[in-house]
Amino acid sequence: MSTPFFLHALFLPHAAMSSSEDQKEVGLFIAYGALMTMAFVPIYSGSIASLRGMKRPPNAPKRKKTDSPLEDSEDEDEGISESLSSSDAWMFPVMGSIVLFSLYMLFRYLDTEVLNYLITGYFSLMGCAAVAKTGLMVTKKLVPTSFLKAHVSKYRLTLSRQGKRLSHISFTAVHFILLGVSVLLTAYYSYTKNWVASNVFGLSFSINAIQLLSLDSFKTGMILLSGLFFYDIFWVFGTEVMVSVAKNFDAPIKVVWPRDVISYLLDATKTEHGFTMLGLGDIVIPGIFVALCLRYDRHISWEREPKGEFRSTHFPKPYFTACSIAYILGLATTMFVMHVFHAAQPALLYLSPACILSALITAAVRGELKELFAYTTEEEEEKDEKDSKKKKAEKSAEKEAEKEEQAQETKEPVQEVEAEAEAEAEAEDEDEDYVEVDKSTSPKSGKKKKGGKARGKKK
């Protein structure tokens, strides 16, 4: 799923159309609005979903078990599966350039149709899972829990060994329905290449990527956005590579909209119509930075007022709000420049500075610059590791102390026996130190100590 991150906003030329110029303008502005909506919806949804990946603080109460059969309470505290560090951020533009140029060379020297068949197969499999997962997320939000509880049964498949559970999976009929719908949608897209189906796949990819990918700190996010800022400028303005790959790469790695949707709907053939497009990279990359801002908002709000449910969305969101507004303004600027110059534009040229500056300005106004750069998810993980190591050390120390006490208890009787034996030996030695002396020789003393002088002897 890495390829979508390397294609960005492109403003493609459109074919000649029979509608009036005014109608074209209206259709074009509708297209811009549709692209902006399709860009922000997955960012907002993925950011909210990413809160589930935050590690619950020790002072946060556990969430109450839900009655919804679609929820699995045992998976509630699962962490984010992939975290980007500073070293990853430095290498991201390099790896992106390698992938992009490799695709360019493949499309230039190999059969484009064959390549697109292979690419379609790969993204169809990935898209099927992404659409099913996104559909489940939407179902949880839209369908009342009372209805699900009354009409949906929950099943669990458990893998165990010698009575010890190794893994489990919970599922319902809703899961199978969503999987079936995603399979049908995948088959429909693979056969028709319909742009609406392509958008469904693209939006699902974006939501899942923003939810599952995370930045470990604002430093990492700023390195990533800054690197891709220059990456976008070079590959769009400096070469034809980005535009060429975007035109030939027939996969759901972008969201598209007809440049004149009015004529498109009225035209029965729907053939000679141009499309505006926005690459998923211009959604996901800024999106994970926006999600980082939301998690930071939750972090500072919980530190100041640790009350209620930790995974609730009802808390102040200054950084998330500022970064979201900056993203929308940056994307609007991109649309404006494309409209004026009628040329492809690297969207990260405007989105990267907008997102970075929004976080810095918000922190400066609130007097939290130091806290902003100090925040990192790695510290929490290291702290947890230290706490666990400390607990293990305390337990081992307690075990050692118990062993010493037991050893001491077993030694005490042995020491008592040894002390009695030593006392008896000393008594015997003392008796041997005295010898019998003839009474006629020494009438005053019946015994004489070895090596001593006889008492009562005259000089």
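The model is predicted: local features need pLDDT of at least 70, side-chain atom pairs count only at pLDDT 80 or more, and totals for chains, interfaces and linings use all residues. Residues are numbered from 1 along each chain as its sequence is written, and side-chain values use heavy atoms, with hydrogens and water left out.

Start at lysine 193. This residue sits in the loop between helix H5 (173-192) and helix H6 (195-212). Helices here are DSSP runs of H or I, at least four residues, numbered from the N terminus. Lysine 193 has a positive phi of about 60°, yet it is not a glycine. Most residues other than glycine have a negative phi. Lysine 193 is partly exposed, because its relative accessibility is 29% (buried is under 20% relative accessible area, exposed over 50%, partly exposed in between, with a 1.4 Å probe and protein chains only).

Now move to helix H12 (residues 348-366), which holds serine 358. Serine 358 is buried, at 9% relative accessible area. A polar atom of its side chain lies 2.6 Å from the backbone oxygen of cysteine 355. Leaving aside residues up to four places away in sequence, serine 358 touches Ala322, Cys323 and Ala326 (contact means heavy atoms within 4.5 Å).

What about the cysteines? The whole structure has zero disulfides (a disulfide is a pair of cysteine sulfur atoms within 2.5 Å). For cysteine 323, the closest cysteine sulfur is in cysteine 293, 4.0 Å away, so it is too far for a bond. Cysteine 355 is in no disulfide either; its nearest cysteine sulfur, that of cysteine 323, is 4.1 Å away. Cysteine 323 is buried, at 0% relative accessibility. Cysteine 355 is buried, with a relative accessible area of 0%.

How values were computed: Helices (H or I, at least four residues) and strands (E, at least two) are DSSP runs, numbered from the N terminus. A polar contact is a pair of N or O atoms within 3.5 Å; within protein, one must be able to donate a hydrogen and the other to accept it, and residues adjacent in sequence count only if both atoms are side-chain atoms.
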